[in-house]
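Keep the viewer open as you read.

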Amino acid sequence: MKQRTKGMWLIQLCEYVIGFALAMSATHSERPATLIVFAIAIVVNAAISDGSLAAFHVLRPPTHRAVGFGIALSAVLVAAIASLDLTSRLTLVVTAVAQGFVSVRFGHGFRTTSTRPQ
């Protein structure tokens with residue numbers, strides 16, 4: 001029996017909020033390019049995933065989850081090695097934590113059927 005994925009719109013909404021909040025904070029940064037790149041990556045990931053708030057239905061939920069987790073890991077890596085001011089570095093880390101949480105916890109949407117054998 002195929003499982004139905006429900007609630008992808010909520011995940012996309014969270015990612016849009018995370019991406020646009022990061023873009024708005026980039027306007028106050030000394031070097032906004034790094035933050036803008038990650039904001040664009042997060043918004044594009046939400047826009048091309050297979051959900052009701054998507055502009056293009058390209059990525060299936062498992063792929064969307066992997067891409068979101070990859071964005072979070074690369075944001076932490078960039079925050080650790082790039083020459084950023086403290087505020088930009090902290091903003092990038094907080095964004096990575098939020099994106100990672102959304103990707104890991106809700107990456108496949110909300111399941112409507114049980115996965116346990118009966």
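## The chain as a whole

Of the 118 residues in the chain, 35% count as buried, where buried means under 20% relative accessible area, exposed means over 50%, and partly exposed lies in between (1.4 Å probe, protein chains only). The chain exposes about 7200 Å², and carbon and sulfur atoms supply 69% of that area; accessible areas come from the Shrake-Rupley method with a 1.4 Å probe, and for residues only the protein chains shown count as cover.

This is a predicted model, in which local features need pLDDT of at least 70 and side-chain atom pairs count only at pLDDT 80 or more, while totals for chains, interfaces and linings use all residues. Residues are numbered from 1 along each chain as its sequence is written, and side-chain values use heavy atoms, with hydrogens and water left out.

## Fold and contacts

Four helices and two strands make up the secondary structure of the chain. Helices (H or I, at least four residues) and strands (E, at least two) are DSSP runs, numbered from the N terminus. Along the sequence they follow the pattern β-α-α-α-α-β.

Among contacts between residues at least 6 apart in sequence, 66% join residues at least 24 apart; contact here means heavy atoms within 4.5 Å.

Trp 9, Leu 10, Leu 13, Val 17 and Leu 53 make a nonpolar surface patch of about 430 Å². Patches are made of residues with over 30% relative accessible area and no salt bridge, with like charges joined within 9 Å and nonpolar side chains (Val, Leu, Ile, Met, Phe, Trp, Tyr) within 5 Å. A salt bridge is a side-chain nitrogen of Lys or Arg within 4 Å of a carboxyl oxygen of Asp or Glu. Val 17 lies in helix 1, residues 8-26, and is exposed because its relative accessible area is 51%.

How many aromatic pairs does a search of the whole structure find? The search finds one. The ring centres of Tyr 16 and Phe 20 are 6.4 Å apart and their planes are at 25 degrees, so the pair is stacked. Rings of Phe, Tyr and Trp (its six-membered ring) pair if their centres lie within 6.5 Å; planes under 30 degrees apart count as stacked, over 60 as edge-to-face and the rest as tilted. Both residues lie in helix 1, four residues apart, about one turn of the helix. Tyr 16 is buried, at 17% relative accessible area, whereas Phe 20 is partly exposed, at 48%.

## Gly 51 in a loop

Gly 51 sits in the loop between helix 2 (32-47) and helix 3. Is Gly 51 buried or exposed? Gly 51 counts as buried because its relative accessibility is 9%.

Leaving aside neighbours within four places in sequence, Gly 51 is in contact with Met 8, Gln 12 and His 57. Gly 51 and Gln 12 are 39 residues apart in sequence, with their C-alpha atoms 7.4 Å apart.

## Two serines

Ser 88 belongs to helix 4, residues 86-106, and counts as buried at 2% relative accessibility. The side chains of Ser 88 and Asp 85 are joined by a polar contact of 2.7 Å. A polar contact is a pair of N or O atoms within 3.5 Å; within protein, one must be able to donate a hydrogen and the other to accept it, and residues adjacent in sequence count only if both atoms are side-chain atoms. Beyond its neighbours within four places in sequence, Ser 88 is in contact with Ser 29 and Leu 35.

Ser 74 is found in helix 3, residues 61-81, and is partly exposed at 30% relative accessibility.
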